[in-house]
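Reader: I am new to this structure. Please take me through one part of it closely, then connect that part to others.

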Amino acid sequence: MEKKYWQSINAYKAQPNQSLFEKQPLKEFTVDGLDESEVKGKSSRRDFLKSLGFSVGAVALVSSCQMPVRKAIPFLNQPEEIIPGVANYYASTFYDGHDYCSILVKNREGRPIKIEGNELSKLSKGGTNARAQASVLNLYDDARLKNPMKDGQNTDWETVDREIVAKLNALKGREGSIAIVTGTVISPSTTSLIKEFVAAHPGTEWVMYDANAYEAIRKAHKAQTGEGIIPFYQFDKAETIVSFGADFLGTWLMPVTFTKQFNTNRKLDKDKQNMSKLFVVESNLSLTGSNADERYTIKPSEEAAVLLDLYNKLAARSGQATYNGPASPIDTSEIADELFNARGKSLVVCGTNKLENQLIVNAINYILGNYENTLNTRQPIMLSQGSDEAMLSLVQKMNTGQIGMLMCWNVNPVYDHPQAEQFIEGLKKVDAVVSFADRMDETASQSTYVCPDNNYLESWDDAEAVRGYYSIMQPAIRNIFNTRQAQDSLLKWLGSEQEFSAYMEQYWETKIFPYQSAFAGFRPFWTQAKHDGLFDMEVESTNFAFTPIELKAEKPSDAAGFELVVYEKVAIGTGKYTNNPWLMELPDPVTTATWDNYLTISIADAESQGLLQEDVVSFGNGLELPLLIQPGQAKGTLGIAMGFGRSGAGPVANGIGANAFGLMQINKGLKVANQAGITLENTGKKYQLALTQSQHTMEGRNVVKETTLAAFLQDPASGNEDQKYKEKVAATLYPEAKFDGFHWGLAVDLNSCTGCGNCVISCQAENNVSVVGKDEVRRHRIMHWMRIDRYYSEDADNPKVYHQPVMCQHCDNAPCENVCPVAATNHSSEGLNQMAYNRCIGTKYCMNNCPYRVRRFNWFAYINNPKFNFNKNSDLGKMVLNPDVTVRERGVVEKCSFCVQRIQDKKLNAKQENRKLEDLEIKTACMQSCPGDALVFGNMNDPESKVSLLMKSKRRYRLVEELHTLPSVSYLTKVRNTSKA
């Protein structure tokens, strides 16, 4: 029986005689105001002329307008290192208190325009995530503060410095009168500076606070090993991996590093015939869960019982003590067998911030012999150092009048603390509140002074994300506004005239340089460190000792109603970047929703409650959100993303969704992201969500191919047996395509693609792809050049999930080319399907004739249009645009170009150097940034190129091969390490 794949709930419920994929009218080319005949699916001559007139008229109107006046500033004093038209790259570090990545900043004529991964980094290894890619747009955010503020009004730095220093001097000697609240600081230099500031003001309290905390991991290791650490998890050394609610491929701790590690053991070729096995136990369907070989659904309160049951099974085999506990709701026998058979080569991780759960996880890893094999305690992770207990204690001190001055740096507790109301009340009893926020966020708006910090692309700093692995942050542009780096403010208030860049250099000379041996003097060492953006130091061995302690598991909740899970989205995270339109419009990898906040619910629960998709429900403390019926959601649970409900983010995000941080609970001094006893009430209202998955269907054609590891080992072509559609097929009207020089192609390994969406943002940044807004996305007009299709199969309550990147296939027999009446789309001599924007008159014939639904139409002018006030209206926002790529106007079709500007750039470089192009020298934006190394671009005419070798794989197939379009994009069949067919 052929397996059924489906994209939405409607497709799942389709009749058996329907297509494998949902069949529905395509609304991709709808025009507002069409009459009833089109709504009913009928078409008339009048409708055709109306649509045609709309397109051609729009183009004629644009082309007839006079060219606007553009001001230019002559480059009279050109810096020596800047050559107009040639990019410079600066090694730096992306760290925002939560996410870490070693990066390269692409700079054109003094403007940072693109973020790439630093391939020299042993942690991120050239990969990035969507937030790192989109962070360049934050630099040009109009919502950033332009000057320091006092009592909500603009002021100058002299006034701020004078008054803050006076208040600090007045508070000297008063125990606990000054408090500094920061996010997790992983900078050795900044840590040293803060300690100097604390020493200069005795009694000052420094509290690190994380919006989404993992403090329980540190507390559990403190209790069992004596060291309050988070071990460096090494997924590349694990053959069996079990995740309990830890979305390590999406949002947990170091997802870029973990994705690189994880995919090391997921790739298959002639030399590697084995792969790791991933079990995921969770409530919400996460990105990691969607990539699982085996997945189990439970309620959050049941997790401890499952963990203890798993521990007892392993302990009994290992001769260790077992403990009584509640019954597990799932059978953990298969998980226990796989873990026991991979002792020393397995890994168990948990994302729940509960001490009891983390103690059991550590005990499991210990009896499996995983410490110092797949868990590195010698070089622990330095992220997530925040203390919930210290923050709660500080809130109490504020409310009792013990704090005279509070400094908030890279935190926003008025918005994201579970006890925000108590924090706000405490602020009223503090004499002076200083915020370093870059905008008037929720905390800054209630502060006495706002001393806006620089953007990280304007700043000096260093980072130690993992002990011994140092990286450097350096400015790629001078300050755009009258802002000042927070470290410089502290130095100023200490009475120092030294800038932080000099302070950091001095720290490296005295604290780090002595531990290296490659350089005789500091200056060449420092120059090389800044050039590479990093430095790795040997770390001394430690005596690891694990002390078993009694393990307990709380009984699952018996409260009536649902259990709610507050989770972190891959795009906006904790909400710091909700004013970034690129991230807001990025489809969620699992739900494919954009822009909106919603409440996820299982199919069974929605049916039992009589609720439908997009019904608005009331829950919690009077919050209202639309429902999204999510396959794979555990029964009896609800999911809500943090990061929404902002009032101080900026015009893009303010007022969207509900603030979920208030739904978190404080459990034994720890912030826990779930709550039991939630009831739903249907308000009777509807809210249309901006979902993208069913907008670009392929009309029932089978595009997903998969197999199991066992079947693959028997036959590498398993799952891809239907190979009757090849290049040499029967009669065709197309002439045979011949490419004497280059023939560019792209290979996509579906085993390596996690669906994270990083490539979508990378492509958007590289190619000036427009943001269209929620209403246009609802109308099926999203402009992304590439998309990540998501498919389900099998049981809707716990389906298998597939992620498939789809971009222009650059077909050799391209059906779009022969229908364009003005030859705007044509084929190059190197196999590229090209778009001549100046020729395009917007008939959209090419879009209708493309079976892959990868072409996009500019329904409006998205630049200089107040109706699309994102990043292409102001002069500041336009600074992010790539000058190598044309900005498209209204009435023009656009699509993936295989980053032709990068192809030409590398070809010219090779020509100037009188050499041949090297394989993998050209990297498209999607390939270069991919943390999973899922995409490979190259010359298919070179039989030894990596892309050619991948296309010889028996796993290789192309989309809709029966049409004989001969795509230049190939896919490698998805292989799951599961015994289930």
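Author: Start with A91. Its bridge partner in β3 is L104. The model is predicted. Strand β3 covers residues 100-108, and eight bridges join β2 to it. These two strands run antiparallel. They belong to an open sheet of three strands, in the order β2-β3-β4, with antiparallel pairing. The edges are β2 (88-95) and β4 (111-117), and each pairs on one side only. From one strand to the next, the twist averages 35°.

Next, a sheet with another pairing. Here four strands form an open sheet, and the order is β12-β11-β10-β13. The pairing is parallel. The edge strands are β12 (294-297) and β13 (346-350), each with a pairing on one side only. Neighbouring strands of this sheet are turned against each other by 10° on average, direction ignored. Look at β10, residues 240-244. Five bridges join β10 to β13, and the two run parallel. F244 stands opposite C350 in β13.

Now a single residue, E568. Where does E568 lie? It lies in the loop between β21 (562-567) and α19 (581-584). Is E568 buried or exposed? Its relative accessible area is 7%, so E568 is buried. The side chain of E568 has a polar contact of 2.7 Å with the side chain of H98. Another polar contact, of 3.1 Å, joins the side chains of E568 and R131. Set aside the neighbours within four places in sequence. E568 is then in contact with H98, R131, N212, Y214, T251, G573, T574 and M642.

Burial also marks a helix. Helix α22 spans residues 758-767 and is mostly covered. Ten of its ten residues are buried. Among them are N758, C759, V760 and I761. After α22 comes N768, whose phi is positive, near 55°.

Aromatic rings come next. A pair of aromatic rings is described by the distance of the centres and the angle of the planes. How many aromatic pairs are there? The count comes to 33. Take F742 and W744. Their ring centres are 4.8 Å apart and their planes are at 15°, so the pair is stacked. The cut-off for stacking is planes under 30 degrees apart. F742 is partly exposed, at a relative accessible area of 25%. W744 counts as buried, at 3% relative accessibility. The line between the two classes is 20% relative accessible area, with buried residues under it.

Some rings link up into a cluster. Ring pairs join Y470, W508, F513, F519, F522, F525, W526 and F535 in this way.

The charged end of R781 sits over the ring of W859, at 4.2 Å from its centre. K844 has its charged end over the ring of F857, 4.4 Å from the ring centre.

Note on methods
Residues numbered from 1 in each chain as written. Predicted model: local features only at pLDDT ≥ 70, side-chain atom pairs only at ≥ 80, totals over all residues. Heavy atoms only, no water. Phe/Tyr/Trp six-rings, centres within 6.5 Å; stacked < 30°, edge-to-face > 60°. Buried < 20%, exposed > 50% of the residue type's maximum accessible area, 1.4 Å probe, protein only. Lys NZ or Arg CZ within 6 Å of the ring centre and 35° of its normal. Polar contact = N/O pair within 3.5 Å; in protein donor to acceptor, adjacent residues only side chain to side chain. Contact = heavy atoms within 4.5 Å. Pairing = 2+ DSSP bridges. Axes fitted to C-alpha atoms, helices over the stretch in contact; angles between N-to-C directions.
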